[in-house]
Every structure is written in structure tokens, then in C-alpha cells.
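Please open the structure in your viewer and keep the selection panel at hand.

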Amino acid sequence: MRCSEQVQDFTECCKNSGLLMVVKCQKENSALKERLTAYYNDPVFYEECKMEYLKEREEFRKTGIPTKKRLEKLPTSM
């Protein structure tokens, strides 16, 4: 998962800081925002996301079933 270290750091800081997270977690928030911005501006990542979206859209147009529904497990007993 991308940015998982930064997300984990920010999450832990927020859990440990309570309502003071706005003040106490500025460093972690800045690191996470910087990492996300880098991916947002990365043309290779953009193309990767675009291709994934187009593939899912094509599959939806063929089947009429959204990706989320296709990936859900069917009940084993009825």
C-alpha cells in the first residue's frame, strides 16, 4: 500500500493525542500530505490509475455489475 508508513504514523498520533491532534500531529500530517501530493503529481501513477479505471469501466459495460459487487463473496449456504 502506498503511503502506509505515513498513514500509520498519522493515525497513531491522532489516537494518542485526542482533541489536541490538530496541534500535536502537524509533523505527521505534513509528511502524509507531502507524500500524497507527490503521487498526485506523478504522471506514471496517473496513467496507472487511468488504466485501472478504464479496465473496470469496460468490465462494467460488459457485465453491468460494479467491481465491488463482483468481488464480494457469494454466500456458501442459502
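A search of the whole structure finds three salt bridges, a salt bridge being a side-chain nitrogen of Lys or Arg within 4 Å of a carboxyl oxygen of Asp or Glu. This is a predicted model, in which local features need pLDDT of at least 70 and side-chain atom pairs count only at pLDDT 80 or more, while totals for chains, interfaces and linings use all residues. Residues are numbered from 1 along each chain as its sequence is written, and side-chain values use heavy atoms, with hydrogens and water left out.

Select arginine 2 and glutamate 48, whose side chains meet in a salt bridge at 3.1 Å, N to O. This pair links distant parts of the chain, 46 residues apart, with arginine 2 in the segment before α1 and glutamate 48 in helix α4 (residues 43–63); helices (H or I, at least four residues) are DSSP runs, numbered from the N terminus. Arginine 2 is partly exposed, with a relative accessible area of 39%, on a scale where buried means under 20%, exposed over 50% and partly exposed in between (1.4 Å probe, protein chains only).

Staying in helix α4, select glutamate 47 and lysine 50, which are three residues apart and therefore separated by about one helical turn; the closest N and O atoms of their salt bridge are 3.6 Å apart. Next, select glutamate 58 and lysine 62, four residues apart in helix α4, where the side chains meet in a salt bridge at 3.7 Å, N to O. Lysine 62 counts as exposed, because its relative accessibility is 61%, whereas glutamate 58 is partly exposed at 45%.

Now turn to the cysteines and select cysteine 13 and cysteine 25, which form a disulfide with their sulfur atoms 2.0 Å apart, the cut-off for such a pair being within 2.5 Å. Cysteine 13 lies in helix α1 (residues 4–17) and cysteine 25 in the loop between α2 and α3 (26–40), so the pair ties together parts that are 12 residues apart in sequence. Cysteine 13 counts as buried at 13% relative accessibility, and cysteine 25 is buried at 1%. Cysteine 3, by contrast, is in no disulfide, and the nearest cysteine sulfur, that of cysteine 49, is 11 Å away.

For the last stop, select methionine 21, which lies in helix α2 (residues 21–24) and counts as partly exposed at 36% relative accessibility. Met21, Val22 and Val23 form a nonpolar patch on the surface, with about 290 Å² of accessible area together. Such patches are made of residues with over 30% relative accessible area and no salt bridge, with like charges joined within 9 Å and nonpolar side chains (Val, Leu, Ile, Met, Phe, Trp, Tyr) within 5 Å; accessible areas come from the Shrake-Rupley method with a 1.4 Å probe, and for residues only the protein chains shown count as cover.

Conventions: Helix = DSSP H or I, 4+ residues; strand = E, 2+ residues; numbered from the N terminus.
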